[in-house]
Amino acid sequence: MTVQTRLRAISRSNSFGLFVAILVFVAAFHLLANGFTSKVNVYSITRSIGIDGVIGLAMMTVLVTGGLNLALGAIGVCSAMGVGWALQTLGLPIWFSMLLGVLLGTALGAINGLIVVTTRLHSFVVTLATMSIFFGTMVLLSGSNGFNELPHSLTGFGRMRLFGMVSPLLLVMFVVAAVLFFIYRYTAFGREMLAAGANPFAAKLSGLPVERLFVSCHALCGGIGAIAGMMASLRNGAIVPSMAGPLGADWLLPAFLAPVLGGTLLAGGGISVLGAVLGTVFIAVISSGLYMLQLGEFWIQTALGLVLLGAILLERGRAALALARSTRR
Amino acid sequence: MSDAFVEVRGASKAFVGVQALDNVSLSVGRGQIHALLGENGAGKSTLIKILTGVHRPDAGEVLLEGTPRHFRAPRESIAAGIGVVHQERNLITRFSVAENITLEDPPTKFGLFDEAAAVVSTRKWLDLLHLDIDPRTIVSRLSVAQVQLVEIAKALSLESRFLLLDEPTSSLTPHETGTLFEVLRRLAADGVSILFVSHKLEEVLSLCTHVTVLRDGRNACESQSLAGMTRADIVRLMIGREEAMFAAPATSVRLATPALELVSVATSLGHRDVSLQAFHGEIFGLYGLIGAGRSELARAIMGAAKITGGELRIEGTPTRIRDVTDAVRRYGIGYVSEDRKGEGLILAHDIASNIAVTIWHRISRFLGFVSDGMQDRVAAPLARALDVRTPSLAQRVGNLSGGNQQKVSVAKWLAASSKILIIDEPTVGIDVRSKAYLHDLILRLSRDGAAVIVISSDMPELVALADRIGVMKDFRLVETFDNSRNYGASSARIMQAIHG
Amino acid sequence: MRKFLRTDWLGLAVLIVLGGAALGIARPEFLTPYSIDVILVGFSLTVVVALGQGIIIAIGHMNLALGAIGCLVAVAFGGSMQFWGFPTWAAVLFGLAIGLACGFVNGWLTHKSGLTSFIVTLATLSIFKGASLGITEAQSFDGISDAVKAFGSDRWGPLPETLLVAVPIVIATWLFLGKMIPGRQMLAYGGNPAAAELSGISRGRIVILAHTLSGLFAAIAGMMTVARLQIATPTIGDEWLIASFAAPVIGGAVLSGGHLPVIGTCLGVLVIALINQALVLLAVDPFYVQVLLGLLILAAVGANRLREARLGTGPKLRLS
């Protein structure tokens with residue numbers, strides 16, 4: 001009987017719809033595209049679900065505040081480069097290097113949050129600037145050189161195939177999703193973040209430390225972004241500054257697609273972890289299927305744009321409903 | 001006073017869950033100054049929005065000179081000759097006075113905006129209102145009263161045959177109001193129909209000739225002549241009974257130390273030299289006109305605005321409140337905002353979360369663990385005690401009626417066991433029955449030992465409820481007195497303090 | 001207010017003159033005609049991009065798809081000449097039509113869906129960009145007509161010809177926003193949407209007009225870039241995003257809408273062009289430009305916020 005039951009109620013139809021859509025597409029591609037359900041292709045689908053899922057979940061933690069984080073890709077790459085530097089240059093143990101990477105991502109996210117809260121500027125312009133600053137600084141420090149001598153245990157983990165067709169990166173994503181689900185549903189911290197995002201004025205007058213909560217949301221986003229960065233490096237087998245495109249902007253589409261498809265409200269305060277995960281699965285299935293159908297790689301981007309457009313029009317319908325229910329003027 | 005110029009016939013409008021207007025009619029004759037009255041939430045603003053094309057009625061129609069009109073957007077009602085002064089400030093603050101006044105129909109030369117012509121025509125309208133400002137002044141530089149006069153000038157400049165003024169005098173001095181009324185009378189004599197919305201009954205009685213009163217979304221009276229009506233008659237129509245309401249029994253205890261005390265406090269919002277005391281077991285009423293600085297004072301007490309001078313004491317101890325979190329969690333102060341939907345409640349979340357929001361950090365266990373059950377254990381007894389009418393605590397607050405929403409707003413402070421409670425406009429937009437319940441609740445809270453400060457613009461409510469009354473004007477507390485609960489005496493004292 | 005703006009504008013101008021002078025002393029080659037030519041060409045392209053974003057900022061929206069529209073137009077412009085043998089004038093018209101159409105789609109979707117322009121243009125960004133890459137298969141078109149190539153490299157007296165397109169656009173934008181009724185209405189809408197609507201200004205018309213104009217500007221910038229590069233490649237527009245926000249913001253534009261100083265935006269573009277050239281001359285890593293631009297955006301929005309507070313025109317914050 002709480003926020004979450006309600007959130008579940010809202011997203012239920014949405015998540016259910018996504019689930020059905022996924023099944024339909026999987027069946028269709030299985031029939032139409034030769035090799036869609038082959039072990040190799042399933043492996044590559046699970047791998048992209050793993051990475052894009054974590055990217056989408058990272059963005060979701062900031063969408064909670066009604067803001068966004070354009071610098072997510074830059075943070076992910078910066079953190080991964082930090083891990084590479086710790087591993088290869090400093091020769092630190094793997095677990096410690098990864099911990100440092102997550103801490104770096106969290107810190108960069110916290111910087112975004114602190115600037116947003118203290119200047120009261122919209123996170124769009126703040127993260128537009130920090131995207132440029134973070135990425136530029138990283139390239140300057142690294143001299144655009146990547147790290148390609150990662151320990152075998154790491155690259156081995158990246159290449160591992162469970163049951164011959166499931167990437168372990170998928171499991172990482174499930175762990176992140178489970179932790180987030182627990183936070184939002186079962187902790188005071190998560191509930192407070194949702195309340196602050198849904199109505200900062202009311203939350204503040206109820207005594208919640210709204211500013212601190214917003215900084216936490218951005219820090220959380222940075223930390224999860226760092227995990228995504230490391231996962232992307234594992235897929236590539238190396239850590240390179242260009243792995244998320246110029247300024248890390250290539251992550252933006254998956255980052256927004258998954259939560260928005262999954263029913264996260266852009267206005268803040270309403271999320272669905274399950275929806276975001278399903279959203280990612282949906283995108284991965286469509287991308288892979290279209291690819292197998294020999295639709296050029298580039299046209300898939302166009303198709304994804306159309307999917308996002310369709311999704312936001314659906315969200316629009318949902319938002320209108322929510323608005324009609326909550327306002328009476 | 002010939003045939004009707006504007007007519008509303010049997011208009012109804014429902015918003016999800018609430019019937020805002022129910023078969024309301026109104027007819028304003030040519031050259032008539034017609035008052036539209038009603039308490040907050042009676043449906044005035046909905047009716048105005050229907051007339052101005054913001055809302056469309058579910059049933060009924062709007063007629064102009066006998067012809068049915070269906071406005072779909074504000075620009076259509078403007079085009080039809082309806083000029084409006086809105087209650088909310090509606091100027092473009094970055095634009096100059098002249099640009100704002102000519103926004104609907106800017107003068108052009110060779111297709112370009114002709115500033116010189118705009119200034120000339122603007123000056124004419126400003127002169128009419130005896131407003132001596134340069135039309136090239138940027139609006140953000142004007143005082144509140146000047147802005148209001150510019151808005152009126154803007155409406156006049158349309159030279160509409162029907163003028164709708166929604167609370168046009170809220171920030172004006174009596175002198176400025178007098179000038180405005182002269183202009184309006186002259187316009188009426190020229191055949192312009194005027195619909196005047198105000199809560200200042202004295203103004204209505206001196207200016208208007210006809211009146212329509214709304215109560216709970218229905219006509220309490222329709223287009224009646226004001227001749228022979230007294231203030232008491234109008235009030236009876238507005239509230240549906242005699243003005244005298246239940247009077248709270250006087251408090252019996254007063255401890256020596258006030259729960260909250262302000263000693264010549266100044267704030268960054270502009271308050272100066274405000275001294276007041278609120279005692280446990282007592283209701284302190286704060287009266288003042290809009291813009292007197294009452295809600296702002298509440299914000300300063302809550303730590304949302306800086307106290308720049310004087311001293312704030314809690315239980316006798318001088319205290320610096322750093323921020324709202326500090327006020328709520330450390331000093332047990334609660335604030336029920338007048339803007340329930342904007343900053344009181346989280347409409348999209350459920351009842352249980354809205355009640356427990358103040359105490360999640362307190363009820364959580366290891367690693368901040370909070371389950372729905374733990375939250376319900378706090379929220380359920382309170383929702384029951386306050387008689388929140390709902391099938392389930394999982395109901396979204398946005399789906400509740402105004403009265404139930406207000407109960408939830410209060411419940412969250414009961415959950416937080418606040419010792420000091422500031423309630424801003426407790427019964428705005430709430431139906432009569434819930435109103436009585438809330439009054440009783442506030443009384444019970446105070447008699448159970450809370451120090452309650454009630455901010456209200458509803459004078460009868462304040463006189464009935466408060467043990468002591470403070471009157472604010474221009475960000476100062478100009479008068480504090482023990483309330484005798486005799487309406488005549490107390491209201492006279494309040495008016496004396498304000499208009500002095 | 002006027003005085004404030006002028007001071008603000010002056011500060012930026014002084015900064016540019018001082019920076020230019022310092023650079024001229026440190027590196028005499030900065031003042032050579034070649035170097036100035038590079039700056040002016042960079043200015044002409046960026047100013048059109050910046051105004052294309054600025055006109056959207058004026059109504060409080062944003063256009064992430066600006067670069068993607070420029071890219072699509074560039075590809076269509078080049079492709080129509082190479083494969084369909086369009087004469088130059090027809091190719092230009094074709095490019096303009098595509099830009100207008102893309103902008104219209106953005107505006108129409110934003111208006112009809114009632115969603116933020118951010119998410120709408122993120123989606124169309126992906127659509128337009130994917131289409132450009134799909135059409136070209138990530139290759140460049142080099143069948144550009146000689147007239148276009150000449151326009152991109154020729155000089156008119158001491159000035160690059162691209163400036164002959166950029167300057168009239170700047171003046172037209174200034175006139176449009178400052179003096180023409182639709183422009184004034186756009187600023188009114190950006191400053192206070194509710195009030196503008198109650199004054200009879202049509203939301204749909206304003207939103208669609210602004211996005212369509214933005215598409216037009218993106219198209220012009222895209223074709224200018226083709227002329228400059230002498231080929232149409234699908235990477236055109238990739239780096240527009242940051243500069244398109246940086247220049248108006250440095251020039252004093254307010255992201256929430258209602259205020260777009262055209263001269264300030266031009267000066268903002270000049271700052272960016274100067275920084276670019278300075279870093280080339282000083283032979284430092286181009287990624288310093290990224291870092292510097294980011295810092296400049298933060299500094300500029302911070303300064304704007306302060307000025308807003310002093311003018312009392314800032315957004316009303318109800319808490320603390």
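Predicted model: local features only at pLDDT ≥ 70, side-chain atom pairs only at ≥ 80, totals over all residues.
Me: How many strands does chain B have?
Reply: Residues are numbered from 1 along each chain as its sequence is written, while chains are lettered from A and ligands numbered from 1 in the order in which they are written. Helices (H or I, at least four residues) and strands (E, at least two) are DSSP runs, numbered from the N terminus. Chain B has 18 helices, and its strands number 22.

Me: How far apart are the centres of domain 2 and domain 3 of chain B?
Reply: Domain bounds come from an automatic or database assignment. In chain B, domain 2 covers 89–152 and domain 3 covers 260–499. Taken over C-alpha atoms, their centres are separated by 40 Å.

Me: What share of the residues in chain C is buried?
Reply: A residue is buried if 20 or more other C-beta atoms lie within 10 Å of its own, exposed if 12 or fewer, and partly exposed in between; C-beta atoms are placed from the backbone. In chain B, the buried share is 49%. Among the 320 residues of chain C, it is 54%.

Me: How many residues of helix α3 of chain C are buried?
Reply: This helix runs over residues 66–82 and reaches 24 Å from its first C-alpha to its last. The expected span is 1.5 Å times one less than the number of residues, and α3(C) is close to its expected 24 Å. The helix is mostly covered: of its 17 residues, the buried ones number 15.

Me: Which helix gives the most to the side of chain C that touches chain B?
Reply: Residues are in contact if their C-beta atoms, placed from the backbone, lie within 7 Å. The contact takes 24 residues from chain C and 22 from chain B. On the chain C side, α8 (181–191) and α9 (193–198) each supply at least two residues. The most, five residues, come from α9(C).

Me: Why can chain C be called as compact as a globular protein of its length?
Reply: Chain C has 13 helices and two strands. For 320 residues the globule rule gives 20 Å, so chain C is as compact as a globular protein of that length, because its own radius of gyration is 20 Å.

How values were computed:
Contact = placed C-beta atoms within 7 Å. Rg over C-alpha atoms; globule rule 2.2 N^0.38 Å.
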